[in-house]
Amino acid sequence: MRKLTIILLFLIIFCSSCSDDVLRLGFITDIQGDTINLPYLMEEFNDNNIEHLFVLGDLNDMNNEVPDYDEIYSVLDVMSTNFDGRIFVMPGNHESKEDYFNAIDKFQYRKVSNILNWTYIPFGD
């Protein structure tokens, strides 16, 4: 059910026309560690010529035994490997600050970027 929810409710693609001068953005949220279905979602974004993907938090599942850092890193790795465009990430309430930044730092030279400078904004511990 969670996988279907991710696909049907949290995948929003804005595609207004097939013209080359249209900026195509994709948005996804609440991935919650689902690296099994994530490649299919990235393929969908690629098939729709999405140029920039915005990930709006909750990359990891708070209710499992996998450490946050490992799950966040795995999600980002699957996304960056399978998506052709640029990825912008923002933490949600599931990500601990330390694990989120440690995982993002591993991607600093790849196509994954932190959406905002969260250094001075408190969020999940």
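In this predicted model, Phe-27 is partly exposed, with a relative accessible area of 21%. Buried here means under 20% relative accessible area, exposed over 50%, and partly exposed in between (1.4 Å probe, protein chains only). Residues are numbered from 1 along each chain as its sequence is written, and side-chain values use heavy atoms, with hydrogens and water left out. Because the model is predicted, local features need pLDDT of at least 70 and side-chain atom pairs count only at pLDDT 80 or more, while totals for chains, interfaces and linings use all residues.

**Overall organisation**

The protein chain contains four helices and five strands, which are DSSP runs numbered from the N terminus (helices: H or I, at least four residues; strands: E, at least two). Read from the N terminus, the order of elements is α-β-β-α-β-α-β-α-β. The chain has 125 residues, of which 41% count as buried. Among its contacts (heavy atoms within 4.5 Å) with a separation of 6 or more, 77% join residues 24 or more positions apart.

**Aromatic pairs**

Rings of Phe, Tyr and Trp (its six-membered ring) pair if their centres lie within 6.5 Å; planes under 30 degrees apart are stacked, over 60 edge-to-face, and the rest tilted. The model has five aromatic pairs by this rule. In one of them, the ring centres of Phe-27 and Phe-54 are 5.3 Å apart and the planes lie at 20 degrees, so this pair is stacked. Phe-27 belongs to strand E2 (residues 25–28) and Phe-54 to strand E3 (residues 52–56), so the pair ties together parts that are 27 residues apart in sequence. Together with Phe-88, these two residues form one aromatic cluster.

A stacked pair is also formed by Tyr-69 and Tyr-73, because their ring centres are 6.1 Å apart and their planes stand at 25 degrees. Both tyrosines lie in helix H3 (residues 68–82), four residues apart, about one turn of the helix.

The 15 residues of H3 should span 21 Å at 1.5 Å a residue, and the end C-alpha atoms are 21 Å apart, so the two values agree. The expected span is 1.5 Å times one less than the number of residues. Buried residues of H3 are Glu-71, Ile-72, Val-75, Leu-76, Val-78, Met-79 and Ser-80.

H3 meets helix H4 (residues 97–105) with axes that come within 9 Å and cross at roughly 40 degrees. Axes are lines fitted to C-alpha atoms, for helices over the stretch in contact, with angles from 0 to 180 degrees between N-to-C directions. On the H3 side the contact involves Asp-68, Tyr-69, Ile-72, Tyr-73 and Leu-76, and on the H4 side Asp-99, Tyr-100, Asn-102, Ala-103 and Ile-104. The stacked tyrosines Tyr-69 and Tyr-73 are thus listed in this contact. By class, the H3–H4 contact has seven nonpolar, one polar and two charged residues. Ala, Val, Leu, Ile, Met, Phe, Trp, Tyr, Cys and Pro count as nonpolar, Asp, Glu, Lys and Arg as charged, and the others, Gly among them, as polar.

Helix H2 (residues 38–47) and H3 have axes that come within 9 Å and cross at roughly 35 degrees, and this crossing is right-handed. Here Leu-38, Pro-39, Met-42 and Asn-46 of H2 meet Val-75, Val-78, Met-79 and Asn-82 of H3. The H2–H3 contact has six nonpolar, two polar and no charged residues.

Asn-82 lies in H3. Its contacts, apart from neighbours within four places in sequence, are Pro-39, Met-42 and Asn-46. The C-alpha atoms of Asn-82 and Pro-39 are separated by 5.9 Å, although the residues are 43 apart along the chain.

**Loop residues with positive phi**

Asp-30, in the loop between E2 and H2, has phi near 55 degrees, a positive value in a residue other than glycine. Asn-49, in the loop between H2 and E3, likewise has a positive phi near 55 degrees and is not glycine.

**Accessibility of selected residues**

| Residue | Relative accessible area and class |
|---|---|
| Phe-27 | 21%, partly exposed |
| Asp-30 | 17%, buried |
| Tyr-69 | 23%, partly exposed |
| Tyr-73 | 27%, partly exposed |
| Asn-82 | 30%, partly exposed |

Note on methods: A crossing is left-handed if the near helix is turned anticlockwise from the far one by less than a right angle, and right-handed if clockwise.
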